[in-house]
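Subject: Structure handover

Hello,

Here is the structure for your work. My notes on it follow below.

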Amino acid sequence: MDNLSPVDVHGSRTAATAAPVPTPARRFDARRVYTALIGIPIVYAIIRYLPPWGLTLLVVIGGAIALLELTRMGFGDRRNPALTGLAVGLTALLIVRLHWSFSIEAILLSGLAGALLAMLCSSNIITSRVHDTAVALFGPLYIGLTLSTLVSTRALPSGEWLIVFIALVTWASDIGAYYAGTLWGRHPLAPSISPKKSIEGLAGGLALAIAVALLTQLWLVPQLTMLHALVLGLLMTGTGLVGDLCESAIKRAVGVKDSGGILPGHGGMLDRLDSLLFTAPTFYYYVTLVCGFSPLP
C-alpha cells in the first residue's frame, strides 16, 4: 500500500492535483538593473528640472515608440506606412493637446476620417484593411489618450512631484511583483494570459507600492493625505496589473514574447509603459475628482 499512487487509493487524481502548480521560474537579468540605473536619473531630471514641455516631449517620444511597436505587432508582415503615420500623428496630438488647446473630438474625428480613407485606398485584401484600420485607431486611444493624463497631471499644482509619485508607485508595483514572483511565485495568477505572473508576485507588488506611496506622500507630496496615498497605492497596483495583463494578452495573441528590444532587459517601450497606461489615468482622475486638485491658472 505504501507505493500506491493517489489513483490506486482513491480512484482519481484529486490528491495529486491538490498541490499548487509552480509558475515558470524567471531568471534574474542584470540588464534590467543597468537600464534602470541609466534611465531613471534621466527621466527624473526631465521631470524635476525642465519646464512642462520637457515632460510632454518625453511622453511623445515614448508614446510614439510604443505605438510603432503596437502597429508592428498588429500589422504583422504587412507594411502600411499611411496608417502607421496616421496612428503616430494621432498619438502625438492627443498627448500635446493640452498645450495647444486642441479639441479631443476634432482630433478623433479627423483621425477616424483619415483612417477610413486610408482603408479605402489600400491595396491589401479587405479583411487586412479592416483589421489594420482597427489597430491604427485603437493604438492612439490605448497609448496616446492614456499617456496624455501625464501631461494633465504635470499642469496641476506641484505637478512635477505628482508625476514623481506616479512613476515611483508604478515602478514599485512592477519591481515588487517581479522579484516576489521570481523568489516565491508558486500560485499562477492568470496562466492563460501570462504564465509567469503569480499571486505571490501580486502581493509583493502591492506591499512595495503601498510602502512607496506612503513614503512619497510623507516626503514629497504632502498635499495628499496618508489615506489618499494608501488608496492610490491599492488602486494603482490593481490598474497597473490590468495594464500589464492587457499587453500580455496582445502579445500572446500575435505570438511574441516582447513588444520590442529597445530597452535591454525590459523588452520594448510598450513593455515598460504597459502599467503606466493605466496607473496615470487612475491617479489623475482620483486626485482631480476625489481630492479636488485643479490645474494652475
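Thr225 counts as partly exposed, at 39% relative accessibility (buried means under 20% relative accessible area, exposed over 50%, partly exposed in between, with a 1.4 Å probe and protein chains only). Thr225 sits in the loop between helix H8 (199-219) and helix H9 (226-254); helices are DSSP runs of H or I with at least four residues, numbered from the N terminus. The side chain of Thr225 reaches the backbone nitrogen of His228 at 3.1 Å. Between the C-alpha atoms of Thr225 and Leu214, which are 11 residues apart along the chain, the separation is 9.1 Å.

This is a predicted model, in which local features need pLDDT of at least 70 and side-chain atom pairs count only at pLDDT 80 or more, while totals for chains, interfaces and linings use all residues. Residues are numbered from 1 along each chain as its sequence is written, and side-chain values use heavy atoms, with hydrogens and water left out.

Thr91 belongs to helix H4 (residues 81-100) and is buried, with a relative accessible area of 1%. Apart from neighbours within four places in sequence, Thr91 is in contact (heavy atoms within 4.5 Å) with Gly63, Leu67, Pro140, Ile143 and Gly144.

On confidence: pLDDT is the predictor's confidence in each residue, from 0 to 100. The protein averages 88, and 88% of the residues score at least 70. Among its elements, helix H11 (residues 276-289) has the highest mean pLDDT (98) and helix H1 (residues 6-10) the lowest (43). Over residues 1-18 the pLDDT is below 50, and this stretch has seven contacts in the model beyond near neighbours in sequence. Where pLDDT is low, the predicted coordinates should not be read in detail.

Regards

Technical notes. Helix = DSSP H or I, 4+ residues; strand = E, 2+ residues; numbered from the N terminus. Polar contact = N/O pair within 3.5 Å; in protein donor to acceptor, adjacent residues only side chain to side chain.
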